[in-house]
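Morning, everyone. Please keep the viewer open.

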Amino acid sequence: MKKKELLYSLAEEYALGFLNKGREGWDVPHTRAVVYYAKLITKSENQDLLVIPTAARLHDIGYFGITEEDAREYEKVKEAKEFHMEVGARVARRFVDREEVAKILNNAQQDRVVHLVWVHDRLEELKDLDEIILMEADTLGSIDVRRVKPTFDQEGRKKYLDGLHRRRKPIFKTDLGKELLQKLIPKFENYRD
């Protein structure tokens, strides 16, 4: 097995241990959608295909333990954002420090995976291309109704879309990310339970 595929397999197995304890019907399919978009955009931008997709796999592991009831309330998820990045970064550090992972990722790559998990929803702080790519993939993976059924009610989806238009969309940088966003927004807007 090539080292990239081995890393992806190790990251998925590790992440599932947390994601399966998180928001049922959301964390696993959402993360898989984020990984899908992270790989596409990372490749199109000629960025590190070891780091960004690995961070995408781990980006929401800090949500484990959020109650099913809280997961459906937009405000509760919004309140948990800071906490999930801090917890996620600590848990991601344990993953990248594992011996089999350290044989694949060098120290700088390990640190970058942890950093990306730590910063991915801190929209005002995103400046580097890999940070932007993960944010774009996370956003796309949140609105692709073909890959994951929204868990917010209609009011929550409206609030999410408002934030997307005001805060996320303006910081999209990649051509592919912008193109995909334009295709997915109408489908998300028109989604009905």
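**F188 and its surroundings**

Leaving out residues up to four places away in sequence, F188 touches S142, I143, V145, P150, R157, Y160 and L161. Contact here means heavy atoms within 4.5 Å.

Some ground rules. This is a predicted model, where local features need pLDDT of at least 70, side-chain atom pairs count only at pLDDT 80 or more, and totals for chains, interfaces and linings use all residues. Residues are numbered from 1 along each chain as its sequence is written, and side-chain values use heavy atoms, with hydrogens and water left out.

Back to F188. The residue is in helix α10. Helices are DSSP runs of H or I, at least four residues long, numbered from the N terminus; strands are runs of E, at least two. Is F188 buried or exposed? Buried, because its relative accessible area is 4%. The cut-offs: buried is under 20% relative accessible area, exposed is over 50%, and partly exposed lies in between, using a 1.4 Å probe and protein chains only. One of the F188 contacts is R157. Those two are 31 residues apart along the chain, and their C-alpha atoms are separated by 8.4 Å.

**α8 against α10**

Helix α10 covers residues 175-189, and its axis is 9 Å from that of α8, at an angle of about 25°. Axes are lines fitted to C-alpha atoms, for helices over the stretch in contact, and angles run from 0 to 180 degrees between N-to-C directions. So α8 and α10 are roughly parallel.

The crossing of α8 past α10 is left-handed. That means the near helix is turned anticlockwise from the far one by less than a right angle; clockwise would be right-handed.

Who meets whom? On the α8 side, E136, T139, L140, S142 and I143; on the α10 side, G177, L180, L181, L184, I185 and F188. By class, this contact of α8 with α10 has 7 nonpolar, 3 polar and 1 charged. Nonpolar covers Ala, Val, Leu, Ile, Met, Phe, Trp, Tyr, Cys and Pro; charged covers Asp, Glu, Lys and Arg; the others, Gly among them, are polar.

**α8 against α2**

Helix α8 also packs on α2. Their axes come within 8 Å and cross at roughly 135°. That makes α2 oblique to α8. The crossing is right-handed. From α2, the contact uses H30, A33, V34, Y37, A38, I41 and T42; from α8, it uses I133, L134, E136, A137, D138, L140, G141 and S142.

One more residue on α8, which spans 129-143: D130. D130 is buried, at 12% relative accessible area. What does its side chain pair with? The side chain of R112, in a polar contact at 2.6 Å. A polar contact is a pair of N or O atoms within 3.5 Å; within protein, one must be able to donate a hydrogen and the other to accept it, and residues adjacent in sequence count only if both atoms are side-chain atoms. Beyond four places in sequence, D130 is in contact with I52, R112 and L116.

Now α1 and α2. They pack at about 150°, with axes 10 Å apart. That makes α1 roughly antiparallel to α2. The crossing is right-handed. Y8, E12, L16 and L19 of α1 meet D27, V28, T31, R32 and K39 of α2. This contact of α1 with α2 has 4 nonpolar, 1 polar and 4 charged residues.

K4 sits in α1, residues 3-19. K4 is partly exposed, at 28% relative accessibility. K4 and T54 are 50 residues apart in sequence, and their C-alpha atoms are 9.6 Å apart.

T54 is one of the buried residues in α3. In α3, 8 of 8 residues are buried.

Last, the loop between α2 (27-44) and α3 (51-58), where N46 lies. N46 is not a glycine, yet has a positive phi of about 55°. N46 is exposed, with a relative accessible area of 69%.

Methods:
Angles under 35 degrees count as roughly parallel, over 145 as roughly antiparallel, 65 to 115 as roughly perpendicular and the rest as oblique.
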